[in-house]
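Let's take a walk through this one together, starting with a pair of helices and moving on to the ligands. Keep the viewer open and follow along.

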Amino acid sequence: MSKTSISNLASRLSLLIILSFFFTTVRAANAPDPALVSQGEVLFKENCKSCHAVHTQEVGPALKDVTKRRDVKWLSAWIRNSTAVIASGDKYANDIYNKFGKSPMTSFPSFKDEEIKAVLAYIDAEGEKGPEKVIVDGPPGGPSSPEPPKEDPTSTIILILVVVVLILVLTTLIVFLSVIKRFLKDKEATLTEADKELVNQKFDLVVVVKSKMFITIVSLLFVTIAVRACWLGALSIGVEQNYEPVQPIPFSHKQHAGDMKINCNYCHTGAYKSKQANIPSVNICMNCHTHVTEGSRFGKEAIAKVVKAYNDGAPIKWIRVHNLPDLAYFNHSQHTTVAGIECQKCHGPIEEMEIVRQHSPLTMGWCINCHRETAVNSKDNAYYDRLLKVHADSKKKGEMKAEDIGAIDCSKCHY
Ligand code: HEC
Ligand code: HEC
Ligand code: HEC
Ligand code: HEC
Ligand code: HEC
Ligand code: HEC
């Protein structure tokens, strides 16, 4: 090895070492300091959690990646006094303020640089972790699955395999046929007239395509595919999951149903006894808001709107969150009282929501899935005694599911 190539190698090696050193330091500098993150977590939970979450929108926006959207200088100014940033004419600030219905964020003027850094480090660390899984308690008897059934990928693979095999068989047959024909042609002299005609017959695509057999097969195939596509479509037709409209009055379930623990039934009077759960009229609000005229979040402003609606006799125009199409029949009391299912199983943790959000997909697949998995609540219900006996005598093993009392018949949900 010559001298130059050795020095060449050495310089390359040293370059490599410098580079790797550089990258490791950069990464070390980027890695969050765990002490800072946990300090940030405490601060976040004390000051921000009432309005913000990292992955979901609450009263304020989801804070994931906020350090990528804005720099630390802007964020510090915003957290200390967002009203001042808005007043300065900052476009981003004004856009987001308007987007959130001009609800001002609390100011934290006493926050030190170090504290802001800690909160942001915590937000970054949480953001990287990914959203927490929402665990919905399953009913006794079946695992819970709020999502519509997914298509099994193995069935697609099997389908492709079958098609490939069929094509292979077909080509082999065609090759085989032509070999035989050629073989017979050599011996043409020994054949009868009828056989000769057969051997010399040309393969005519047009005749095949026009044949009844072919047309029937193709139309059958087409109909099958179309029906299957419609069915899968109907199972998952998009009712908007996670729909979360901003309401005309910032009524908070977290405040009323969570912190104050007012029973759902106090306001949604039909939820246990009729088809509709009902949205409360403003009279119910006034049971308290004749006295309570000031809130901790919006002062007198928000409750004044409630009182005004009452005095004007104009119902509050709440925006409907859940919406099944008319063609489907759903009854609350059947599920809450008869089946004993909790509101949260379908509506999610409403008592933690500042703004109500549609938790479940509300698709046909979702309804049917639950009817297959959930056992009927037959305790203390004489009506089911006979059905239970029939079920026990039948070949079906295990508990009596909603499915077994006919809850997946089309006519039960479509009339
Ligand atoms: C009273 C509710 C409330 C509290 C408490 C609150 N925020 Fe906010 N925050 C909001 C709202 C609402 C917005 C949207 C802008 C607006 O309407 O002013 C917002 C916006 C933000 C934004 C801009 C987000 C973006 O996507 O650009 C940041 C950053 C932020 N808040 C951080 C914090 C931090 C950090 C804390 C705790 C120290 C906190 N907020 C406490 C309500 C709140
Ligand atoms: C103090 C009265 C009150 C209490 C208590 C209350 N709600 Fe509500 N609820 C309302 C009002 C008002 C609305 C309409 C405004 C909204 O969507 O936020 C509503 C809306 C809803 C909606 C959405 C309706 C739609 O538009 O599709 C659901 C679901 C709901 N509540 C469930 C619950 C559950 C579950 C509880 C108990 C944990 C509960 N509520 C407790 C007053 C109340
Ligand atoms: C059982 C009593 C009770 C009922 C019923 C009730 N509220 Fe309240 N509400 C309160 C109390 C207490 C507060 C103040 C909570 C706080 O800020 O600490 C409040 C606060 C509020 C606020 C102000 C939030 C804030 O922080 O500024 C609004 C808006 C509100 N309620 C709307 C409604 C509406 C709309 C209804 C009817 C659907 C209703 N409330 C029914 C007791 C009630
Ligand atoms: C089995 C699932 C399920 C359970 C359990 C359930 N809901 Fe519902 N809820 C729905 C569906 C589906 C809708 C939409 C109905 C529609 O659009 O016709 C709805 C709609 C609502 C609405 C909107 C108004 C209405 O009546 O359509 C309110 C309010 C509501 N639910 C409250 C409750 C409360 C409170 C409970 C518990 C006591 C509860 N729900 C339990 C599935 C459920
Ligand atoms: C959390 C599980 C669950 C979900 C989700 C659910 N159901 Fe049910 N449903 C039940 C159970 C359990 C019963 C049996 C109640 C009983 O004992 O009569 C039932 C019964 C019914 C019945 C009466 C059936 C009969 O044989 O009388 C209808 C209709 C119905 N559900 C419609 C719906 C519709 C429509 C949806 C979707 C929008 C839905 N359900 C979502 C659990 C569920
Ligand atoms: C447990 C209740 C339930 C049963 C049983 C049920 N459906 Fe549905 N179906 C629904 C609901 C809820 C919707 C509306 C969902 C949506 O819009 O996403 C729906 C929607 C549909 C649609 C789509 C209509 C449209 O909006 O385009 C078709 C088609 C349909 N169902 C056919 C059937 C047939 C056929 C059966 C019987 C094999 C059946 N359903 C059984 C609850 C049910």
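At roughly what angle do the axes of helix 14 and helix 15 cross, and within what distance do they come? Keep in mind that this is a predicted model. The two axes come within 10 Å, and the crossing is at roughly 125°. That angle makes helix 14 oblique to helix 15, and the crossing is left-handed. On the helix 14 side, the contact is made by Val282, Cys285, Met286 and His289. Helix 15 answers with Ile303, Val306, Val307, Ala309 and Tyr310. Sort the residues of this contact by class and you get 8 nonpolar, 1 polar and no charged.

Now stay with these helices and bring ligand 3 into view. Which residues come nearest to ligand 3? Of the 21 residues around it, those are Cys285, Cys288, Gly295, Ser296 and Arg297. The elements giving two or more residues to this shell are helix 12 (253-259), helix 14 (282-289) and helix 15 (301-312). Helix 14 has the largest share, with 5 residues. By class, the shell around ligand 3 holds 14 nonpolar, 6 polar and 1 charged residue.

The axes of helix 4 (residues 72-80) and helix 7 (residues 113-129) come within 11 Å and cross at roughly 105°. Is helix 4 roughly perpendicular or oblique to helix 7? A crossing angle from 65 to 115 degrees counts as roughly perpendicular, so helix 4 is roughly perpendicular to helix 7. Look for Val72, Leu75, Ser76 and Ile79 in helix 4, which meet Asp113, Ile116 and Leu120 in helix 7. The residues of this contact split into 5 nonpolar, 1 polar and 1 charged.

How values were computed: Residues are numbered from 1 along each chain as its sequence is written. Chains are lettered from A and ligands numbered from 1 in the order in which they are written. This is a predicted model: local features need pLDDT of at least 70, side-chain atom pairs count only at pLDDT 80 or more; totals for chains, interfaces and linings use all residues. A residue is near a molecule or strand if its C-beta atom, placed from the backbone, lies within 6 Å of it. Helices (H or I, at least four residues) and strands (E, at least two) are DSSP runs, numbered from the N terminus. Ala, Val, Leu, Ile, Met, Phe, Trp, Tyr, Cys and Pro count as nonpolar, Asp, Glu, Lys and Arg as charged, and the others, Gly among them, as polar. Axes are lines fitted to C-alpha atoms, for helices over the stretch in contact, and angles run from 0 to 180 degrees between N-to-C directions. Angles under 35 degrees count as roughly parallel, over 145 as roughly antiparallel, 65 to 115 as roughly perpendicular and the rest as oblique. Two residues are in contact if their C-beta atoms, placed from the backbone, lie within 7 Å. A crossing is left-handed if the near helix is turned anticlockwise from the far one by less than a right angle, and right-handed if clockwise.
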